[in-house]
Amino acid sequence: EIYSANPFELGVYVQDKMEFEGMIANVGLRFDLWNQNADYFTDLYSPFRTVVNDSTILYDKPNAATTRTPTLGKLQPRIGISFPVSVSTVFHLNYGSFIQRPSFQYTLSSQLPRVGYVNMRIGNPRLEAQETNSYDVGVTQGLGEGFTLDVSGYYKDVKNLVELAYFTDVQQSTYSTFINRD
C-alpha cells in the first residue's frame, strides 16, 4: 500500500437555547466541509481501461483516466422543543440531521499489485458521507415524590452506508472497492 494524501475537513456548529413563556427550544445548525484531495479513477467498473483510436482497449495503470475529488459540504439542522401540557406533564420533540465522513481506509487506502490486475482493492474517494436523520417524540409525567414516567418514540433513518463491492470487467480483471448503499 502506497498512497499520499492531504485531506482537509472543517466543522462549525452554532446552537441557541430559547426560553419562552411555557416553551423551551434548543435550535442548532452544523456545517461540515471536507475534501479528500485525492485523484480517483473515473471508470468505476474498469478503472485501468483506456480506449485508444476508438477501437483499441488498453489496461494501463499509470495512464488511466483520473479526476480530482471535489469539495463537499452539508448543513445539518437540529431542533429540540419541550413545553408543559399541565403542572406535572411535559411534551418534548427532537429532530437532528447528522453526517459521518467515510474513514480514510475506505477512501484513500489502495492495495495494487506491482504486476497484473488480480486481487486489487482500490479506495473510493468519491464516497458520500453517511447520513442519519433522528426523531424523538415523547411525554414526561411527574408521579410525585421525585418519580417521573417518560414515554417516548424514536425513529432513525440511515443512508449511504459503506459496503465492499466486487467488480469484474470483460477482460476478467477483478477488483474490489467501497460503495454507498442504504
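Buried means a relative accessible area under 20%, exposed means over 50%, and partly exposed lies in between, as found with a 1.4 Å probe on protein chains only. By this scale Glu 145 is exposed, because its relative accessible area is 81%. The structure is a predicted model, in which local features need a pLDDT of at least 70 and side-chain atom pairs count only at pLDDT 80 or more, while totals for chains, interfaces and linings use all residues. Residues are numbered from 1 along each chain as its sequence is written, and side-chain values use heavy atoms, with hydrogens and water left out.

**The two sheets**

Strands (E, at least two residues) and helices (H or I, at least four residues) are DSSP runs, numbered from the N terminus, and two strands pair if DSSP finds at least two bridges between them. Six strands form an open sheet with antiparallel pairing, and their order is 1-2-7-8-10-11. Its edge strands, each pairing on one side only, are strand 1 (8–20) and strand 11 (147–159). Neighbouring strands of this sheet are turned by 10 degrees against each other on average, direction ignored; such angles run from 0 to 180 degrees between N-to-C directions, and the axes are lines fitted to C-alpha atoms. Within the sheet, strand 8 (residues 89–100) and strand 10 (residues 130–144) run antiparallel and are joined by 12 bridges, and Leu 93 stands opposite Val 137 in strand 10.

Another open sheet has three strands in the order 9-13-12, and its pairing is mixed. Here strand 9 (120–122) and strand 12 (161–168) are the edge strands, each of which pairs on one side only, and the twist from one strand to the next averages 30 degrees. Strand 9 pairs with strand 13 (residues 174–181) in the parallel sense over three bridges, with Met 120 standing opposite Tyr 175 in strand 13.

**The nonpolar core**

A nonpolar core is a set of buried Ala, Val, Leu, Ile, Met, Phe, Trp, Tyr and Cys residues joined through side-chain atoms within 4.5 Å. The largest one has nine residues in all, and among them are Met 120, Phe 167 and Tyr 175. Strand 9, strand 12 and strand 13 are the elements that give two or more residues to this core. If neighbours within four places in sequence are left aside, Phe 167 is in contact, meaning heavy atoms within 4.5 Å, with residues including Leu 44, Tyr 45 and Tyr 175.

Strand 4 (residues 49–52) and strand 5 (residues 56–59) run antiparallel and are joined by four bridges, and the bridge partner of Val 52 in strand 5 is Thr 56. This hairpin has three residues between its strands, one of which, Asn 53, takes a positive phi near 60 degrees.

Glu 145, although it is not a glycine, has a positive phi of about 55 degrees, and its place is in the loop between strand 10 and strand 11. Asn 160 is likewise a residue other than glycine with a positive phi, near 65 degrees, and its place is in the loop between strand 11 and strand 12. Asn 160 counts as buried because its relative accessible area is 11%.

**Salt bridges**

A salt bridge is a side-chain nitrogen of Lys or Arg within 4 Å of a carboxyl oxygen of Asp or Glu, and the structure holds eight of them.

| Pair | N to O distance |
|---|---|
| Arg 101 and Glu 9 | 3.1 Å |
| Glu 19 and Lys 17 | 3.9 Å |
| Asp 32 and Arg 30 | 2.8 Å |

Arg 101 is partly exposed at 22% relative accessibility, whereas Glu 19 is exposed at 56%. In the remaining pair of the table, Asp 32 is buried at 10% and Arg 30 is partly exposed at 27%. Apart from these pairs, a network of salt bridges links Lys 74, Glu 131 and Lys 159.

**Around Ile 24**

Ile 24 is found in strand 2 (residues 23–35) and is partly exposed, with 33% relative accessibility. Not counting residues up to four places away in sequence, Ile 24 touches Lys 17, Met 18, Glu 19, Gly 80, Ile 81 and Ser 82.
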